[in-house]
Amino acid sequence: MAESKQPDRMEKVVSLCKRRGFVFPSSEIYGGINGFWDYGPLGAELKRNVKELWWSEMTRLRDDVAGLEATIIMHPQIWKASGHVDTFSDPMIDCKTCKGRFRADQTGEIPCPQRPSKMVTECAGEKTQPRPFNLMFKTHCGPVESEDNVCYLRPETAQAIFAQFKNVLETSRQKVPFGIAQVGKAFRNEVTPRNFTFRSREFEQMELEYFIKPDEAVEAISGSVAEATGEGHPGEPQPSWGWQLWHKYWVEERLRFYEGIGLPRTSLEEYWQKPEELAHYARATVDILFKFPFGTQELEGIAARSDFDLSQHERHAGKPMGVFDDDLRAAWTRLPKETQDALWKRYHDARHKYLIKSGVDAESAAATARNDADNLAKGKYIPHVIEPSAGVDRLILALITHAFSEVTETDDKGKSETRVILRFHPRVAPIKVAVLPLLKNKPELVAKARGVFELLRGQVNTYYDDSGSIGRRYARQDEAGTPFCVTVDFETLGEKPELLDTVTIRHRDDARQERLPITGLAAWLLERVR
Ligand code: ATP
């Protein structure tokens, strides 16, 4: 099989997604709606697998992360506190000729109004000066449309985690360091949605807020904050880790996750934001980028956000967000006076800087910062946070574009045919196994195959197909990304007694075939698809 790479890969991917039922334009019968996409039968399974793998790895397989599922519409004050009402905007320009609206920082190509998956060159007409455009979708809660009942569709899932921090802490029996994870819809009124599902107006996020002790508390308890040395994964978390090592840990954990679902490191890049690119509260942000056919672009951002978010909610809601830490309280009393003073001062200065930047008046900021530092000495602080924030839809697009390959095969008569194989990792593949009776018109084969299908379908997503030649059926499954096909043939029925109740397993990636007993099939598959 000769493998080829096509320059127009993206167009082929978009067309395959439609043809095979991965992704459809939303409301297509009405001409579509720009920036909105639906997942068809295969896409829905793929998406579900990705979210479940993330959820399982982030929560169920860890002792230190609890889950949350919050509402999409929340109290509007949340978005005031988070800064979204005031600053979540993109620079927008209008074209005086075509009346189109564009993002000033994204000129060049825009999605075609008729076919959103196709890019067209932007009008060259004269443009207005850029002005900020808030990306939050606004609506009204209740029967009256007034400024008093404005609310927003959440532009990220993270804020609900901060707002519910205390409830989760109290009910989950977790102690800092620990995390809260959430998967769910987010909405952004993007000025120019583009690149298929990459930049949509409705999308899903998988976010973790991992709460850690401030470095001053770590130093008080452990004597010093461990230095990040060397490349790669820093290993098992240690009490002496400060924010830098926790940040590095999460970057590496997330890269491992991507590798584990079939995106090798060579398909990814780490981008460490430069100091001038960082949000004002962020200490460091690493973007994990994927090499999409239209360029290397962000898949996930991992930000060290200090104690900004919880502090904001403490101030805006007037509810304490601090935690008591028995280890810190005990350790503090044992510290030499000069260490206590130095840690007190560092913590005080950081809190003071935050308060002043957030617009608190000088007198209140001085009093609050002193109080916060006194609280540290009593074992109380507002946790800091590391935030790995990934987009489900971008990941789905990355998985499909990475899996997409074309093979050209030539038959005995010299006739060539090019067909698609989606080489998904078995863990994410929408269908794990297809069960195929060799012939449709032999009732014994069909009955046996239905039996195998029933045996497997409760364990893994299984597809039954008896129409068309066996070669055609294999090709259909290759195009859907199904890693294994099980064929029930006459040998299964005992044509060769020693092969009674065995089936042929055919591997998608190299067309290799092997024979297995039906009794061992489910275990064999589970081992490979989990
Ligand atoms: P970008 O710079 O590409 O707009 P961002 O930095 O604003 O992304 P974040 O606010 O960090 O994105 O959101 C976290 C993740 O959510 C992103 O890494 C991405 O995977 C996903 N995401 C954000 N905006 C969109 C969108 N419009 N469509 C699809 N996914 C999105």
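Biologist: Which residues are linked with K47 in a network of salt bridges?
Modeller: K47, K51, E204 and D393 form such a network. A salt bridge here is a side-chain nitrogen of Lys or Arg within 4 Å of a carboxyl oxygen of Asp or Glu.

Biologist: What is the source of the coordinates, and how are residues numbered?
Modeller: The model is predicted, with local features needing pLDDT of at least 70 and side-chain atom pairs counting only at pLDDT 80 or more, while totals for chains, interfaces and linings use all residues. Residues are numbered from 1 along each chain as its sequence is written, and side-chain values use heavy atoms, leaving out hydrogens and water.

Biologist: How many salt bridges does the rule give?
Modeller: The count is 48.

Biologist: Back to D393: what is the N to O distance to K47?
Modeller: The D393 and K47 side chains meet at 3.4 Å, N to O. D393 belongs to helix 13 (residues 392-403) and K47 to helix 2 (residues 41-60), so the bridge ties together parts 346 residues apart in sequence. Helices (H or I, at least four residues) and strands (E, at least two) are DSSP runs numbered from the N terminus.

Biologist: Are D393 and K47 buried or exposed?
Modeller: Both are buried; buried means under 20% relative accessible area, exposed over 50%, and partly exposed in between (1.4 Å probe, protein chains only).

Biologist: Changing topic, which residue forms a salt bridge with E190?
Modeller: R199 does, with the closest N and O atoms 3.5 Å apart. E190 is buried at 4% relative accessibility, and R199 is buried at 15%.
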